[in-house]
Amino acid sequence: MTILVVEDEPTIASFIEKGLKLEGFAIQTVTDGETALDMIESNDYDLVILDLMLPKMSGEEVITSVREQHITTPILVLTAKTMVDDKVTALDNGADDYLTKPFSFEELLARIRALTRRGVVLEPNVLKVGEIELNPATREVKRSGQLLTLTKKEYAIIELLMRNPDRVCTRNMIGEHVWGFEFDMMSNVIDVHIARLRRKVDKGFNPKLIRTIRDVGYRLQK
Ligand code: CA
């Protein structure tokens, strides 16, 4: 994830740059509006953090020009506390969000997460519990990188267990989630399926991850 920081005040620029680098972002910093526009036009940034009061070309002008060219890179505007009108104008012109100076690093990070989330929406959220990985998009389940061939019911059970790691899933929960109804207390259908699932998930592996909680249900150990 690469972020362009446009800020002419060295202390603020270095505060943002240092913090974001520690968070694992790649950062480029420029100090005037004209250079910023050049950089945005020729690079594909995940986000631009843009001060409004800048030498050579104002932040507003940068936003207007960027949006006129249909460049959709998210822009987070930094404004001084008194400049209420500025931030309204900035949003009207096509900025995505603003942050009023002075701001805390946590605030900045929260805005960045919200603005860049869109970009990663298409990536499926792979569930991970211990050595087990489940990809909801492909419905693939792996343990230690090894693909497990599961039936639909087994997949539904492991998914439920993985969404509740270290918590007991009762037979009722499993029945409702996987079959859509509660089983008679005496039914052993769930246990039969769990036994088959266990053979695929735990056989040949250590530690054993699917634990039986007697008379209650099952638990997936982290
Ligand atoms: Ca400034």
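This is a predicted model: local features need pLDDT of at least 70, side-chain atom pairs count only at pLDDT 80 or more; totals for chains, interfaces and linings use all residues.
In which sense do strand 1 and strand 2 pair, and over how many bridges? Select residues 2-6 and 26-30: these two strands run parallel and share five bridges (pairing takes at least two DSSP bridges; strands are DSSP E runs of at least two residues, helices H or I runs of at least four, both numbered from the N terminus). Leucine 4 sits opposite glutamine 28 of strand 2.

Numbering starts from 1 along each chain as its sequence is written, and side-chain values use heavy atoms, leaving out hydrogens and water.

Next, click the calcium ion. Its donors are Asp8 (OD), Asp51 (OD) and Met53 (O), at 2.1 to 2.3 Å (donors are N, O and S atoms within 2.8 Å of the metal, or 3.2 Å for Na, K and Ca; with no water among the atoms, sites may look incomplete). Aspartate 51 is buried at 3% relative accessible area, while methionine 53 is exposed at 57% (buried is under 20%, exposed over 50%, partly exposed in between; 1.4 Å probe, protein chains only).

Then go to helix 3, residues 59-68: seven of its ten residues are buried, so the rest of the structure largely encloses it. Among them are Val62, Ile63 and Val66. Just past this helix, check histidine 70, with a positive phi of about 60°.
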